[in-house]
Amino acid sequence: MIQKIDLRSDTVTKPTPEMLQAMFEAPVGDDVYGEDPTIKALEEKTAAMFGLKAGLFCPSGTMTNQIAIKVHTAPLTEVICDITAHIHQYEGGGIAFNSAASTALVHGERGKMTPQQVEANIRPLDNIHFPETRLVALENSCNKGGGSYYTIKEIAAISEVCKRHNLALHLDGARVFNALVASGDSAKDYGLYFDTISICLSKGLGAPVGSVLLGSKEFIKKATRVRKVMGGGMRQAGYLAAAGMYALDNHVERLQEDHRRAKELEQALLQTDYVESVLPVETNIIIFKLNEKVSDVAFVQALAEQHILAASFGPQMIRFVTHLDITEEMHQRLLQVLQTLSFEKVEA
Ligand SMILES: *Cc1c(COP(=O)(O)O)cnc(C)c1O
């Protein structure tokens with residue numbers, strides 16, 4: 001039987017036998033009572049890693065982002081983010097629902113805002129027509145930007161604007177490890193610039209569940225209340241935290257492998273006659289545009305016939321994501337299929 005190659009997302013990975021063993025062996029307790037040693041260890045480890053003081057283990061990255069936004073803002077205030085941001089596009093309108101805050105949407109370059117764009121979107125405080133700007137949120141790497149990433153220098157420049165205007169800076173770091181591995185920047189330096197950071201263990205790192213919100217002790221204390229009211233207080237979830245611990249120890253360096261394969265896919269796609277353009281590949285995401293020969297729906301269907309799953313990402317747009325469960329053998333087959341696919345132009 002031909003193995004399925006699933007490129008829809010890096011969330012589709014299954015725990016490895018070693019990860020399952022680590023989960024099986026985890027010491028646990030009731031975390032709502034603050035008694036789960038594995039969760040505590042994960043929160044402390046990740047906080048130290050990013051140069052922040054405390055962490056909060058949550059079921060999802062949507063929850064860590066939404067809790068952070070809720071604690072940073074108040075009703076009638078505003079968050080500045082790129083228009084492609086996950087917090088705006090893919091969290092169900094949660095900023096309005098959970099925080100009663102608005103968003104100032106920046107048209108950045110492949111998901112990335114400049115310090116000038118951020119500054120231009122800060123509302124004047126003395127005019128009651130405007131909401132009050134409270135928070136700036138970055139995403140690193142940028143999903144809809146095709147896996148593009150901010151360097152620490154770019155982050156520092158945006159942080160400088162935030163500090164000057166007394167605004168908090170949050171990072172949606174669902175794929176921050178991809179950004180770190182690709183840029184060579186140090187995680188610890190992030191703590192100098194971000195007030196809060198959300199990291200996901202269930203994307204490229206390959207854990208089945210889990211995100212951690214990082215910040216100051218005081219911030220995390222408030223965040224713990226919000227997590228409870230959102231229904232995110234978990235009990236013996238150390239079994240899940242153990243998967244995250246294992247992933248941090250074993251699945252970070254190997255992200256380079258995903259990035260190398262993504263680059264090779266970019267090159268292969270550029271050589272076909274059915275691809276119009278590919279967003280520059282910087283990490284593990286490949287977003288490309290098909291030309292008039294084939295629609296996104298027909299392309300996804302043609303791949304499915306070859307046991308390859310891909311995601312339509314808008315009209316004529318396709319997204320591939322490389323990850324832990326793609327073997328070298330699958331990768332080679334994929335390159336071959338992309339080379340051999342051919343489409344007749346559909347007559348109108
Ligand atoms: C996946 C993702 C999240 C969090 O998603 P969950 O599925 O709720 O864990 C947040 N931001 C970005 C950019 C993501 O890709």
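What is the volume of the largest cavity? In this predicted model, the largest cavity has a volume of about 50 Å³.

**The cavities**

Searching the whole structure turns up 2 cavities of 30 Å³ or more. Here they are side by side:

| Cavity | Volume | Element giving the most to the lining |
|---|---|---|
| Largest | about 50 Å³ | Strand β5 (residues 132-139), 3 residues |

If you want to find the largest cavity, look for its lining residues, among them D82, L138, E139 and Y150. Sorted by class, that lining has 5 nonpolar, 3 polar and 3 charged residues. The second largest cavity is lined by residues including A174, R175, F177, K203 and L255. Its lining splits into 6 nonpolar, 2 polar and 2 charged residues.

**The ligand**

Now for the ligand, which takes up the space of the second largest pocket. Around the ligand you'll find S60, G61, T62, N65, H86, E91, E139, D172, A174, R175 and K203. Helix α3 (residues 61-72) gives the most to this shell, with 3 residues. By class, the shell has 1 nonpolar, 5 polar and 5 charged residues.

D172 has a polar side-chain atom 2.6 Å from a nitrogen atom of the ligand, while for H86 a polar side-chain atom lies 3.4 Å from a ligand nitrogen atom. K203 has a side-chain N or O atom 2.8 Å from an oxygen atom of the ligand. On its own, the ligand would expose 380 Å², and the protein buries 83% of that.

Conventions:
Residues numbered from 1 in each chain as written. Predicted model: local features only at pLDDT ≥ 70, side-chain atom pairs only at ≥ 80, totals over all residues. Heavy atoms only, no water. Near = heavy atom within 4 Å. Polar contact = N/O pair within 3.5 Å; in protein donor to acceptor, adjacent residues only side chain to side chain. Areas by Shrake-Rupley, 256 points an atom, 1.4 Å probe, with all protein chains shown as cover. 1 Å grid on protein atoms, 1.4 Å probe; cavity = no way out; pocket = protein on both sides within 12 Å on 5 of 7 lines; lining within 4 Å. Sits in = over half its atoms within 2 Å of the grid points. Helix = DSSP H or I, 4+ residues; strand = E, 2+ residues; numbered from the N terminus. Nonpolar A, V, L, I, M, F, W, Y, C, P; charged D, E, K, R; others polar. Points joined across faces, edges and corners; volume = space filled by probe spheres on them.
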